[in-house]
Amino acid sequence: MKKTVYLGATAIALSAFAGAAQAADVGACLITKTDTNPFFVKMKEGATAKAKEMGIQLSTFAGKIDGDVETQIAAVESCIAAGAKGILITPSDSRALAPAVTQARENGLLVIALDTPFEPPETADATFATDNFLAGELIGQWAAAKMGDTSGAKIAMLDLNASEISVDYLRNNGFLQGFGVDIKDPKDIGDEDDPRIVGNDVTNGNEEGGRTAMENLLQKDPGVNVVYTINEPAAAGAYEALKAVGLENQALIVSVDGGCPGVQNVKDGVIGATSMQFPLLMASKGIEAIAAFAADGTKPANTEGLDFFNTGVELVTDEPVEGIPSITSEEALKRCWG
Amino acid sequence: MTQSAPKGQSFEHDLEKSDKRVASFEAHSKGGLHRLQHILHGNPTLVPVIVLLVSVAVFGLIAGGKFFSAFNLTLIMQQVSIIGILAAAQSLIILTAGIDLSVAAIMVLMSVIAGNLAVYSGWPAPIALLVAFVGGTVAGLMNGLLVTKVKLPPFITTLGTWSIFYALNLWLSGAQSIRSQDIDANAPLLKFFGEALSFGGARITYGSILMIAIFGVLWYMLNHTAWGRHVYAVGDDKEAAELAGIRTDRTLLSVYMLAGFVCSIAAWASIGRVGSISPQSFYEGNLQSITAVVVGGISLFGGRGSILGALFGALIVGVFQSGLRLSNVDVLWQVFAIGWLIIIAVAIDQWIRKVSA
């Protein structure tokens, strides 16, 4: 995968060189948070296939780890220098990348945020994303319906990290709202005073963090019976922590993502329900938008009532509840990413 | 010479008043603080032990019974076990005045290799683990050769190999975790160190016991074998060690190989600890292991400190995190506190070092 980036960078350099001669060529950039997370790998697949189909010159870049803002800024600058028509970017930091993106737009590029919205969302021309709040809300509603009487709920919240980026608070607060908790400030994690919440801890979105965070919250209250997790690896870690102390049947674990190992974990009963998102669609729609912009200057419109274009979310569970549409893990395995 | 000189020559009279002792050590009677400095200089593990006991006592008072429960104290052991084992490997390198940024990357890479072979390729688990142990040792050998033969500084060498091992890990794993259920079905032996002895509220995992055993063995090797004395000598003054007849390059190579081997044991233990094989975990494990070593009072300048200090250092960090969390302190203030812990630990080390000056 590193190789592809290297080739991408070479392609950029070459297209910059050729740019003066062939101004008609449409160049586009895809900048992801990392090139290792299967979610972004799928996104790259979608973008690459669409770009090939439409005859667009695509260059891809990625940060080294989630949160690697410097590499992303450098990538934006390279795209401007290369004379690309548009940039698709999953910002590692919803605010820190704003100046670089503004500079790109001032240079006439179309900038579309994929997956993670900027703050404010108007920083980019458009956002193609999963409705992360809705993704959270669906699993919150499912968990509440599954429990029936939620007055005895003891909720553990396993979040991403200390920076509280948008995807983190959107999923977190969406879940709580769906479950029926007063979320106070919708942009803040952990400001709720509902006594049913045992606590919040961070997982860095991986198994090791998920396990440690779950152990910590069990320390606060061993009676935890609802576990929200930021993504499926964190959910797998949380399950291990519960299993180690024999409490795996006491708690409902819910998550967001729709990666194949996560969906498999729904099938195996590790995760109760997860909200599936569609990275491939985000990227292919993004490439179409850049092509349209290059042709006649039209910019993509938002989904009605939202400040972004919603690429859809589906609830995956093998224990469906009344009134919340969902698909089974069997169906989901055909559409999962990674 | 008309006059006899029974009292010696007159110009020597002044010498009578001077100090006639041939050689002596300075008396250590310059006050309590000075004496303390000397005691600490003689017993480098004393500081971390005191800090550990004090922090356990303080957090016990603040966070109350939940902190002091047998369950929580054994949980802290469990949570620090992986970083603890990495810190043991890191101590070996730091005692030779080096540093190893690649410890966690070697560990994760070896866990992915063992997992791929045992879970996906259907190799018997013991063979897969053996391959990982050899792999870890070879990774250490690579670091060692770059340091001794190519003469690169350890920091640069391991900065490079950190990236190399991390990239290999992502390539081999496709950045995808191997699920716990798949390990259980195909190679449960990989999760051996996640099993635990339970009595009362305590839950001691085999991983925690392994960590203590590794420290015990390495402590013995460092303090009771010729090899151990060579490691300290090389770390203290490489040229002097060479002049004294120690084959310094061989000693260094053996240290890097041993550290790589210990990392591969950590790989096995980490599968038990995490439950799954996660290529994205422990990205900052190298820095956490250095933190444990430094907080444990091992000098970054080499040749001074006991490896047991790193064990106490890892436990201190674990106690701080657990105590702060149970006192409902936000994550970012936990990070803040660990930062101060590092700075204070190194400042104390510098102060103790001044005694010999």
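Reader: In which sense do strand β8 and strand β9 of chain A pair, and over how many bridges?

Author: Before the answer, please note that this is a predicted model, in which local features need pLDDT of at least 70 and side-chain atom pairs count only at pLDDT 80 or more, while totals for chains, interfaces and linings use all residues. Residues are numbered from 1 along each chain as its sequence is written, and chains are lettered from A, with ligands numbered from 1, in the order in which they are written.

Strand β8 (residues 226-229) and strand β9 (residues 252-257) of chain A pair in the parallel sense over 3 bridges, where pairing requires that DSSP finds at least two bridges between two strands. Within this pair, V226(A) stands opposite L252(A), which belongs to β9(A).

Both strands sit in an open sheet of 6 strands in chain A, whose order is β7-β6-β8-β9-β10-β12 and whose pairing is mixed. At the edges of this sheet stand β7 (197-202) and β12 (313-317) of chain A, each with a single partner strand, so one side of each is left without a neighbour in the sheet. From one strand to the next the twist averages 15°, an angle between lines fitted to C-alpha atoms, on a scale from 0 to 180 degrees between N-to-C directions.

Along its principal axes, the C-alpha trace of chain A spans about 70 × 35 × 35 Å.

Terms used:
Helix = DSSP H or I, 4+ residues; strand = E, 2+ residues; numbered from the N terminus.
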